[in-house]
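Please read this report with the sequence and the structure side by side.

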Amino acid sequence: MKLNPLYQAFIDAGEEAGYPTTDDYNGYRQEGFGPMHMTVDGGVRASTSNAHLRPALKRPNLTLMKGVLTRKVLLDGKKATGIEYQQGGSIKTATARKEVILSAGSIGSPQLLQLSGIGPAKVLQDAGVEVVQDLPGVGENLQDHLEVYFQYHCKQPISLNSKLGLISKGMIGTRWILFKDGLGATNHFESCAFIRSREGLKWPNIQYHFLPAAMRYDGQAAFDGHGFQVHVGPNKPESRGKVWITSNDPAAKPRIIFNYISTEQDKQDWRDTIRLSREILNQPAMDEYRGEEIQPGINITSDEDIDRWVRENVESAYHPSCTCKLGADDDPMAVLDNECKVRGLNPCGWWILPSSRLSRTAT
Ligand SMILES: Cc1cc2nc3c(=O)[nH]c(=O)nc-3n(C[C@H](O)[C@H](O)[C@H](O)COP(=O)(O)OP(=O)(O)OC[C@H]3O[C@@H](n4cnc5c(N)ncnc54)[C@H](O)[C@@H]3O)c2cc1C
């Protein structure tokens, strides 16, 4: 259910600009404009914890330990046998009967592999970790999505900018407590788009989340009145960064470098992103709502100005990924085989590192 007409206006604007629509961008066709999926159940966010972990907690074969730091995976030769972890001041071990599954995210997973002696030999040696398996791809191939807020004033008083006061928030909260619906039961990203910026691309390379408000992620607005925005950015960047440990201390932070927008194609994709976004948001479907462009601002048109504005305004969309790459036998940078087992280790003690970004929802 869309509570705000701006969501549909954005979809209509995309159609008017010549793009297809799609009902399910996680389905047979990602490309197009359409409704954005939300992981919400009965008005409550269906997080991984709510949807999967909590219902399983009553199982006798599941123990959830809080406040625990995994220090490394224990190995017998090249077979994973368990983990070493820290709880309070003590260091303990947990032994696996069948397998060890490592799912510590795009920073934690390569960090733990490296701490366990699995990774680029030089990185491990420099950090004082004994090399068990020289796997050059562990921690490499780091990718992320960047995005900017492309904002307009809204001519009609219908945006969420007016819902930030205490009274509005109180009413939204009361309705949510009583009925679990209304503005408290949505994340406010209810329409989205995936488009291709140029010929020859197999998949869309720019993604949009539409928000019927003009404000930052932290809820701050830089102006009075009503507005709307798209969060937009290229979603197939070429730039690659890496994660690597510099110490064998599991509590020490690894080094992380993203190398954002470090290729010519990535720069060009950003220029296309800004120009195409302006074209879409200037379609007739937005006419009755669209006021002045707040940012980037109509003067930001040249390559140089776009490059500079993007550099100054871009933010991470918090989608780091791909540091334990799944790949073919002849890919020297592949960390996992096609069953998500770590390459080079004894298959009896196999590990799985689930990929976190198989589908996309607005959470
Ligand atoms: C603000 C924000 C907004 C986002 N919005 C969206 C969105 O709208 N849609 C979307 O699809 N994605 C979104 N994402 C991205 C999404 O949350 C991640 O892609 C996803 O959570 C990754 O899942 P994961 O299991 O790989 O890693 P994580 O969720 O990071 O889980 C890894 C876990 O391992 C734990 N861990 C790591 N190292 C250790 C250790 N040594 N010992 C013990 N525990 C350890 C961490 O504490 C963490 O709990 C967002 C992320 C952020 C931060």
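## A pair on a helix

Does lysine 122 count as buried or exposed? Lysine 122 counts as exposed, because its relative accessibility is 56%. The terms are set by relative accessible area: buried means under 20%, exposed over 50%, and partly exposed in between (1.4 Å probe, protein chains only). This is a predicted model, in which local features need pLDDT of at least 70 and side-chain atom pairs count only at pLDDT 80 or more, while totals for chains, interfaces and linings use all residues. Residues are numbered from 1 along each chain as its sequence is written, and side-chain values use heavy atoms, with hydrogens and water left out.

Lysine 122 forms a salt bridge with aspartate 126, at 2.7 Å from N to O. A salt bridge here is a side-chain nitrogen of Lys or Arg within 4 Å of a carboxyl oxygen of Asp or Glu. The two residues are four apart in helix H4 (residues 121-127), so about one helical turn separates them. Aspartate 126 is exposed as well, with a relative accessible area of 54%. Helices (H or I, at least four residues) and strands (E, at least two) are DSSP runs, numbered from the N terminus.

## Other salt bridges

A search of the whole structure finds 17 salt bridges. One of them joins the side chains of arginine 278 and glutamate 293 at 2.8 Å, N to O. This pair links distant parts of the chain, with arginine 278 in helix H6 (residues 264-281) and glutamate 293 in strand E16 (residues 290-295), 15 residues apart. Both arginine 278 and glutamate 293 are buried.

Aspartate 305 and arginine 308 also form a salt bridge, and their closest N and O atoms are 3.7 Å apart. Both lie in helix H7 (residues 303-313), three residues apart, so they are separated by about one helical turn. Arginine 308 is partly exposed at 32% relative accessible area, and aspartate 305 is partly exposed at 26%. Salt bridges that share partners join Arg271, Arg275, Asp303 and Asp307 into one network.

## Two buried residues

Aspartate 144 sits in the loop between strand E9 (133-134) and strand E10 (146-154). Its relative accessibility is 6%, so aspartate 144 counts as buried. Its side chain makes a polar contact with the side chain of tyrosine 260 at 2.6 Å, and another of 2.7 Å with the side chain of serine 316. A polar contact is a pair of N or O atoms within 3.5 Å; within protein, one must be able to donate a hydrogen and the other to accept it, and residues adjacent in sequence count only if both atoms are side-chain atoms. Leaving aside neighbours within four places in sequence, the residues in contact with aspartate 144 include Pro237, Phe258 and His319. Contact means heavy atoms within 4.5 Å.

Serine 191 belongs to strand E11 (residues 191-195). Serine 191 is buried, with a relative accessible area of 0%. The side chain of serine 191 reaches the backbone oxygen of tyrosine 7 at 3.2 Å. Histidine 37 is 154 residues away from serine 191 along the chain, yet their C-alpha atoms are separated by 8.3 Å.

## The whole chain

The protein chain has seven helices and 18 strands. Its C-alpha atoms fill a box of roughly 70 × 50 × 35 Å along the principal axes. Of its 363 residues, 44% count as buried. Among contacts with a separation of 6 or more, 63% come from residues 24 or more positions apart.

## Two domains

The domain assignment gives domain 1 (5-48 + 143-316) and domain 2 (67-140 + 323-352). Such bounds come from an automatic or database domain assignment. The C-alpha centres of domain 1 and domain 2 lie 35 Å apart. The contact takes 14 residues from domain 1 and 17 residues from domain 2.

Between them the two domains bury about 1,200 Å², 67% of it on carbon and sulfur atoms. Buried area is the accessible area (1.4 Å probe) that two parts lose on being put together, summed over both. In domain 1, Val243, Ile245 and Pro250 lose the most area to domain 2, together 54% of what that side buries. Across the interface of domain 1 and domain 2, the rule finds zero salt bridges, but six residue pairs are in polar contact (both at pLDDT 80 or more).
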